Amino acid sequence: MRIRTHRATSPWLFLAPGLAVIAGLVLYPFVSTVYQAFTDARTLTPGQWVGLRNFQDMLQDDQFWVGLRNSGLYVLMVVPFTVLLPLLLALLVQKQIPGIAFFRSAFYMPVVASVVVVALIWSWMLDDRGLLNGILSFFGAGPVSFLGDAWLLLLSAMALTVWKGLGYYMIIYLAALANVPKELHEAAAVDGAGAVRRFVSITVPSVRSTMVLVGALSSVFAFKVFSEVYLLAGRNGGPAGEDTTLVMLVQRTGTGLNGRVGYASAISLVIFVIVLLLMVLVLRADRKEEDA
């Protein structure tokens, strides 16, 4: 009887530390956020139950719609590049030639670099007197206000996100390309297929599941973008707040001595639902393509 009891309880004893961490750092904050989304809690006060009032206020908040627009545009603009460009980069560096390890490390360097440092470097480059405007002035073009125009600033943040994520997704694609049989490419080359034809007919179908994974990951990261836009645009979200994202709105609304924690929790819950829907749509699209 004792042996049976030990066999039943021993696995849970080993899992207990990890489960305690998950419960304290993941499960409890999630449940607390869901509850506070229906209260008028503030930073120093627990608040009272207000039902759907936070969500009703959200529909009338212009900044919420600006953040939703910018987060949606981020997904539409960033995801295609983060799916395709790292694949092309992986094809370039997968060749086993002398010195290729240096280029792999160089392409991966932005991933390990701090986003704060990278964003500061980009802000200096994009400044009115920065490197990029210096190059444009050399060719006779006037200075471009990359950080002063709302749309150019948002596009600059998107470019920063794509550039910083190239190396990370490149490594994922390299692992997938290593499993593609070389015999398929050799047979296609014998049949007269060119590089583009082999890429479309062999490489893409072979790594399609990896492309779905990269698309799902980049969609989540793009919709929840914060650091890149915050560091380039500032706390207020650029000119007139036009570059505010949903996560920036959560940070701005829910912090400070008089922060509207309940309202910020409601926005966080909306972000969670949208991200969940994005994941479901990506997986369903992949399943339909497999069935076809």
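Biologist: Which backbone oxygen lies 2.8 Å from a polar atom of the side chain of Ser265?

Modeller: The model is predicted, and in it that oxygen belongs to Val261. A polar contact needs N or O atoms within 3.5 Å, and the pair from Val261 and Ser265 lies at 2.8 Å, so the pair counts as a polar contact.

Biologist: Why is Ser265 called buried?

Modeller: Ser265 has a relative accessible area of 6%. Buried means under 20%, so Ser265 is buried. This residue lies in helix H13, residues 261–291. Leaving out residues up to four places away in sequence, Ser265 touches Thr33, Gln36 and Ala37.

Biologist: Why does Lys164 count as buried?

Modeller: The relative accessibility of Lys164 is 14%. The cut-off is under 20%, so Lys164 also falls in the buried class. Lys164 is placed in helix H7.

Biologist: What is Lys164 in contact with, leaving aside its neighbours within four places in sequence?

Modeller: The contacts of Lys164 are Pro110, Val111, Ala113, Ser114, Val115 and Val118. With one of these, Ala113, the side chain of Lys164 reaches the backbone oxygen at 3.1 Å. The limit for a polar contact is 3.5 Å, so the approach to Ala113 qualifies.

Biologist: What makes the span of helix H5 close to the expected one?

Modeller: H5 covers residues 115–126, which is 12 residues. From first C-alpha to last, H5 reaches 16 Å, and the expected value at 1.5 Å a residue is 16 Å.

Biologist: Which residues of H5 are buried, and how do you know that they line one face?

Modeller: The buried residues in H5 are Val118, Ala119, Trp122, Ser123 and Leu126. Viewed down the axis of H5, they fall within an arc of 135 degrees, so they line one face of the helix. In general, an α-helix has 3.6 residues a turn, so residues three or four places apart point the same way. The cover over the buried residues of H5 includes helix H6 (131–138), helix H7 (150–177) and helix H11 (227–233).

Biologist: Why are H5 and H6 called roughly parallel?

Modeller: H5 and H6 pack at an angle of about 25 degrees, with their axes 4 Å apart. Angles under 35 degrees count as roughly parallel, and therefore H5 and H6 are given that label.

Biologist: Where do H5 and H6 meet?

Modeller: On H5 the residues are Trp124, Met125 and Leu126, and on H6 they are Leu131, Leu132 and Asn133.

Technical notes. Residues are numbered from 1 along each chain as its sequence is written. This is a predicted model: local features need pLDDT of at least 70, side-chain atom pairs count only at pLDDT 80 or more; totals for chains, interfaces and linings use all residues. Side-chain values use heavy atoms; hydrogens and water are left out. Helices (H or I, at least four residues) and strands (E, at least two) are DSSP runs, numbered from the N terminus. The expected span of a helix is 1.5 Å times one less than its number of residues. Buried means under 20% relative accessible area, exposed over 50%, partly exposed in between (1.4 Å probe, protein chains only). The arc is that of the directions from the helix axis to the C-beta atoms. Contact means heavy atoms within 4.5 Å. A polar contact is a pair of N or O atoms within 3.5 Å; within protein, one must be able to donate a hydrogen and the other to accept it, and residues adjacent in sequence count only if both atoms are side-chain atoms. Axes are lines fitted to C-alpha atoms, for helices over the stretch in contact, and angles run from 0 to 180 degrees between N-to-C directions. Angles under 35 degrees count as roughly parallel, over 145 as roughly antiparallel, 65 to 115 as roughly perpendicular and the rest as oblique.
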